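Subject: Structure handover

Hello,

Here is the structure you will be working on. Please look at it first, then read the notes that follow.

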Amino acid sequence: ATHWEDEELDQLQWPPLVSQIALEREWLRQQHVQLCKNIPKKVPKVSFDEFRWCVDAVRSRTFTCEGKHLVCPIADMFNHNSEERGSRFEYNGELGSYELHSGESPVKAGSEALIRYGGLSNNDLLAFYGFSVLGNKWDSLLVSLDALEAHAAQDAAEGCQGVLEALRKFQYVGGDGAMLRLCAGEPGAETMKLLRALA
């Protein structure tokens with residue numbers, strides 16, 4: 001998503017994700033500037049687009065195992081599946097190799113073997129991989145408590161305050177004040193859709 005034009009980002013209509021992508025873009029710019037400062041004068045300069053391509057290439061091929069980041073080309077060709085019971089890609093320390101395990105159900109001949117990129121929210125999937133998953137059980141959402149209270153004050157519907165009170169158990173205080181961290185499993189996918197619309 002760091003490659004998207006600003007007009008495309010505006011179409012997301014989800015300020016937390018737009019902010020997340022903006023922070024990632026800024027981090028990439030800072031890293032590029034730092035790299036250019038440290039490249040010897042005899043070496044050709046690397047453009048920002050070339051640098052970003054290199055970062056994407058490494059990130060898409062890197063796996064974390066026992067606290068270490070390992071690069072495994074070909075592994076990036078596997079697509080994502082949010083289900084825990086699907087195939088998984090693991091590093092075998094004893095053999096010094098990666099292994100693809102089919103999970104609880106064998107992969108049928110001719111069908112696609114999928115792996116789980118991790119328990120990632122739709123924000124993270126969209127920001128780093130360019131897609132989201134409908135009904136993602138790992139989805140989570142950060143919502144400003146102030147914004148929800150403002151909507152609740154305007155909404156005269158019965159039970160609105162009760163819903164807000166029930167959601168307070170997810171409260172924590174972040175850099176932007178009181179926030180709610182909500183996951184798809186609780187309070188539920190339908191509530192998550194509603195909160196995305198309200199926030």
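**The largest pocket**

Helix α3 provides the largest share of the lining of the largest pocket, four residues. Helices here are DSSP runs (H or I, at least four residues), strands are runs of E with at least two, and both are numbered from the N terminus. Please note that this is a predicted model: local features need pLDDT of at least 70, side-chain atom pairs count only at pLDDT 80 or more, and totals for chains, interfaces and linings use all residues. Residues are numbered from 1 along each chain as its sequence is written, and side-chain values use heavy atoms, with hydrogens and water left out.

The largest pocket holds about 910 Å³ of space. A pocket is an open set of points on a 1 Å grid over the protein atoms alone, where a 1.4 Å probe fits, with protein on both sides within 12 Å along at least five of seven lines; lining residues have an atom within 4 Å of a point. The volume is the space filled by probe spheres set on the points, which are joined across faces, edges and corners.

The lining has 33 residues, and the closest to the pocket centre are Arg 59, Ser 60, Thr 62, Tyr 117 and Tyr 129. Two or more lining residues come from each of α2 (15–38), α3 (48–61), β1 (62–65), β3 (88–92) and α4 (122–129). By type, the lining residues are 13 nonpolar (Ala, Val, Leu, Ile, Met, Phe, Trp, Tyr, Cys and Pro), nine charged (Asp, Glu, Lys and Arg) and 11 polar (the others, Gly among them).

**Salt bridges**

There are four salt bridges in the structure (a side-chain nitrogen of Lys or Arg within 4 Å of a carboxyl oxygen of Asp or Glu). One of them joins Glu 24 to Arg 59, with the closest N and O atoms 2.4 Å apart. Glu 24 is in helix α2 and Arg 59 in helix α3, so this pair ties together parts 35 residues apart in sequence. Glu 24 is buried at 12% relative accessibility, while Arg 59 is partly exposed at 36%. Buried means under 20% relative accessible area, exposed over 50%, and partly exposed in between (1.4 Å probe, protein chains only).

Asp 6 also forms a salt bridge, with Arg 25, at 2.9 Å between the closest N and O atoms. Asp 6 lies in helix α1 (residues 6–10) and Arg 25 in helix α2, so the pair links parts 19 residues apart in sequence.

A search of the whole structure for disulfides (cysteine sulfur atoms within 2.5 Å) found zero.

Regards
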